[in-house]
Amino acid sequence: MLSPASAAVVGATLPVVRAHATEITGEFYSSMFAAHPELLRVFNQGNQADGRQQLALAAAVVAFAGHLLDPGAPPFDPIAERIAHKHVSLGIRAEQYPIVGHHLLTAVGTVLGDAVTPEIAAAWQEVYWLLACRLIAAEARLYERGDVDPADVWRRWRVAKRLDEAVGTVSFTLVPDDGGPVPDFRPGQYVSVAVDLPDGRHQPRQYSLSQGPGRGSLRITVRRAPGGAVSGFLHDCVTEDRTLLLGPPAGDTALDAGAGPVLLASAGIGITPMAAMLDDLARTRPTRPVVLAHADRSPAHHALRRECAHTATGLANVRDLRWYEHDHDEQSRPGRMDVDALPLTPDTTAYLCGPLPFMYGIRDGLIRRGLPAERIRYEVFGPGML
C-alpha cells in the first residue's frame, strides 16, 4: 500500500499524470533506448513505431496508481499477470527494473518540468517500486514454476516441418536443436521467437502455440502481417532445418481444467490458440461440450480449417460454426460472426482471440446475453488489454 503522505500526493497529481501519460512514456522509451541500446533487442520495435507500447505502458501505470488509491477500482491482478507472462517470455530480469524506474521517473520530470517537486517525485517513485516489486515477485514465481533460468531463457529450436496453411499463413513445427526435452505448456499459451533481421536488428515477437502439449514438438502458425518485419522474415527466409531462438511458453489465457461447456471464438489468425485448445480437448477431455466459432475473410484465408474440422470429429459434443465475408458455402454463414447465433449456457467458459474490434463486440454481446465477465477470457496479440 502507498504511504498516507504519498497517497495524498498521488491522488492530487494523478489527473495531470494521466493527461500526459503517453507523452511521458514516449519520452521514457526514447531516453532509455538512447542510454541502453541493448534493450532494443528486447522490445518490439513495431509496437514502438505505431505507439501501441507507449499507450499500453501509460494505461498500466495509471491503472495501478488508481488501484492503489481506490479499493473499489477494477482489480489490477489480471493486468499484472498478463505483463508478468509477457516479461517471462522475453527473459526480463529483476535487475533491469532499476533502469526502467530511473528513465520512467526522469521522463515524468522532463515532461512536467518544474511542477514535479521532490515530494511529487518521491510519491511516484513509491508507486513505481510497488508495481515493480509486484511484477518481480510474479515473474519469479513463473520462472520457478517453469524451471527457467531468467538469465538464460533463449533456446535454439530446429524447424522440423514447414507447411503452408492458408493464404499468407505458414505453420512451423519445431523441435529442440539440442535434442533435449520439450517443455510442458497449457493450451492457449505462446512463445517468443527472436530473429536477426537482414537490416541487423534483433527482434522478438510472440506467437501462440497452435497445437496442444504432449506431441514432442512445438508449433507456431504465422500470418504475414502488413509491414511485419518478423512475420515477413519467417515467411521468406525460414525453411526446414533452419533454427530459431525461442523463449519459454507463457501466457495467462489458457484452457481451464474443468468439465463445463467451452466456447472457442476466434477471427483471423486468432484461430491459433483455439486450435491448441481444441487439440487438447479432443485428446484429453473428448466429452466436454465445445462450440468452435470462427470468422475470416474467406475459406482460403481460414488457417488450420481442415485440421480443426478433423480434430472436432474426435469430440462427442461439438458445434463447428464459421462465418466468411467472401465465398461462403452451405457449411458457413455470410458476413461477420453473429454473437446471438452462438450456442450459450450459463456455465459456458468463453475464450476469445482475434482483432480487438472483434473481441470487443463478441465480449459485449456475450455479457448482454448474460454470461458473466469473469467467464470470458481472451488473448490480445500485442500490448494492451480489453
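## About the model

The structure is a predicted model, in which local features need pLDDT of at least 70 and side-chain atom pairs count only at pLDDT 80 or more, while totals for chains, interfaces and linings use all residues. Residues are numbered from 1 along each chain as its sequence is written, and side-chain values use heavy atoms, with hydrogens and water left out.

## Overall build

Let's start with the whole chain. The protein has eleven helices and twelve strands; these are DSSP runs numbered from the N terminus, with helices being H or I of at least four residues and strands being E of at least two. Its radius of gyration is 22 Å, close to the 21 Å that the globule rule gives for 386 residues, so the protein is as compact as a globular protein of that length. (The radius is taken over C-alpha atoms, and the rule is 2.2 Å times the number of residues to the power 0.38.) Along the principal axes, the C-alpha atoms fill a box of roughly 65 × 50 × 40 Å.

Of the 386 residues, 49% count as buried, meaning under 20% relative accessible area with a 1.4 Å probe, protein chains only. Among contacts with a separation of 6 or more, 75% come from residues 24 or more positions apart; a contact means heavy atoms within 4.5 Å.

The protein exposes about 17500 Å², and carbon and sulfur atoms supply 55% of that area, which is computed by the Shrake-Rupley method with a 1.4 Å probe.

## Strand S3 and its partners

Now for a closer look at one strand. Six of the seven residues of S3 (residues 190-196) are buried. S3 runs antiparallel to S4 (residues 202-208), joined by seven bridges; two strands pair if DSSP finds at least two bridges between them. Asp-196 has His-202 in S4 as its bridge partner. Five residues lie between the strands of this hairpin, where Gly-200 takes a positive phi near 95 degrees.

S3 also pairs with S6 (residues 243-246), again in the antiparallel sense, over two bridges. Here Val-193 stands opposite Leu-246.

## A six-stranded sheet

Elsewhere, six strands form an open sheet with parallel pairing, in the order S10-S9-S8-S7-S11-S12. Its edge strands, S10 (333-334) and S12 (376-379), each pair on one side only.

Definitions and conventions:
Buried means under 20% relative accessible area, exposed over 50%, partly exposed in between (1.4 Å probe, protein chains only).
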